[in-house]
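Subject: Structure for your files, with notes

Dear colleague,

Here is the structure I said I would pass on. My notes on what was found follow below it.

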Amino acid sequence: RFTSHALDEMVKDAISRDDVFAVLRGGVVEPGEFERGSWRYRVRVALTYVVIAFRSESALLVVTAWRKK
């Protein structure tokens with residue numbers, strides 16, 4: 001699932017859902033941070049970043065995404 005914030009940020013930086021899935025499949029996972037009641041993980045490939053939070057063992061939430069300029 002994607003938050004509305006993630007979808008808005010993806011549009012701003014021309015990041016598609018396929019781009020997000022590619023980052024999640026092959027990106028570097030940075031150490032988790034506990035924020036707003038859940039652990040969040042930043043995953044990156046080159047200049048594209050995706051932040052996720054796990055909701056269960058089989059479901060995650062895309063919190064936000066961006067491209068560094």
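Alanine 65 has a relative accessible area of 0%, so it is buried. Please keep in mind that this is a predicted model. The residue belongs to strand β5. Leaving out residues up to four places away in sequence, alanine 65 touches Glu9, Met10, Ile15, Tyr49 and Val50. One of these, isoleucine 15, is 50 residues away along the sequence, yet the C-alpha atoms of alanine 65 and isoleucine 15 are 7.8 Å apart in space.

Glutamate 9 is on the list of residues that alanine 65 touches, and its place is in helix α1, which covers residues 4-12. With 17% relative accessibility, glutamate 9 falls under the 20% limit and therefore counts as buried. Not counting residues up to four places away in sequence, glutamate 9 touches Thr64 and Ala65. Its side chain also makes a polar contact of 3.2 Å with the side chain of lysine 12.

**Aromatic rings**

The count of aromatic pairs comes to 4. In one of them, phenylalanine 34 and tryptophan 39, the ring centres are 5.5 Å apart and the planes stand at 65°, so the pair is edge-to-face. Phenylalanine 34 has a relative accessible area of 53% and is exposed. Tryptophan 39, at 46% relative accessibility, counts as partly exposed.

Another pair is formed by tyrosine 49 and tryptophan 66; it is stacked, with 5.1 Å from centre to centre and 0° between the planes. Tyrosine 49 sits in strand β4 (residues 48-54) and tryptophan 66 in strand β5 (residues 60-67), so this pair ties together parts that lie 17 residues apart in sequence.

**The largest pocket**

The largest pocket holds about 180 Å³ of space. Its lining is made up of His5, Pro31, Glu33, Glu35, Arg40, Tyr41, Arg42, Val51, Val63, Thr64 and Trp66. Which elements give two or more residues to this lining? They are β2 (33-35), β3 (38-45) and β5. Trp66 in the lining is the tryptophan of the stacked pair with tyrosine 49, and Thr64 is one of the residues that glutamate 9 touches.

**Two further strand residues**

Leucine 60 is in strand β5 and counts as partly exposed, at 28% relative accessibility. Leaving out residues up to four places away in sequence, leucine 60 touches Arg1, Leu24, Ile52, Ala53, Phe54 and Arg55. Leucine 60 and arginine 44 are 16 residues apart along the chain, and their C-alpha atoms are separated by 16 Å.

Serine 38 is in strand β3. At 11% relative accessibility, serine 38 counts as buried. Apart from neighbours within four places in sequence, serine 38 is in contact with Glu33, Ala53 and Arg55.

**Positive phi values**

Alanine 14 has a phi near 55°, which is positive in a residue other than glycine. The residue is in the loop between α1 and α2 (17-26). Alanine 14 is exposed, its relative accessible area being 59%.

Alanine 46 likewise has a positive phi near 55° and is not a glycine. Where is alanine 46 found? Its place is in the loop between β3 and β4. At 66% relative accessibility, alanine 46 counts as exposed.

Regards

Definitions and conventions:
Residues numbered from 1 in each chain as written. Predicted model: local features only at pLDDT ≥ 70, side-chain atom pairs only at ≥ 80, totals over all residues. Heavy atoms only, no water. Helix = DSSP H or I, 4+ residues; strand = E, 2+ residues; numbered from the N terminus. Buried < 20%, exposed > 50% of the residue type's maximum accessible area, 1.4 Å probe, protein only. Polar contact = N/O pair within 3.5 Å; in protein donor to acceptor, adjacent residues only side chain to side chain. Contact = heavy atoms within 4.5 Å. Phe/Tyr/Trp six-rings, centres within 6.5 Å; stacked < 30°, edge-to-face > 60°. 1 Å grid on protein atoms, 1.4 Å probe; cavity = no way out; pocket = protein on both sides within 12 Å on 5 of 7 lines; lining within 4 Å. Points joined across faces, edges and corners; volume = space filled by probe spheres on them.
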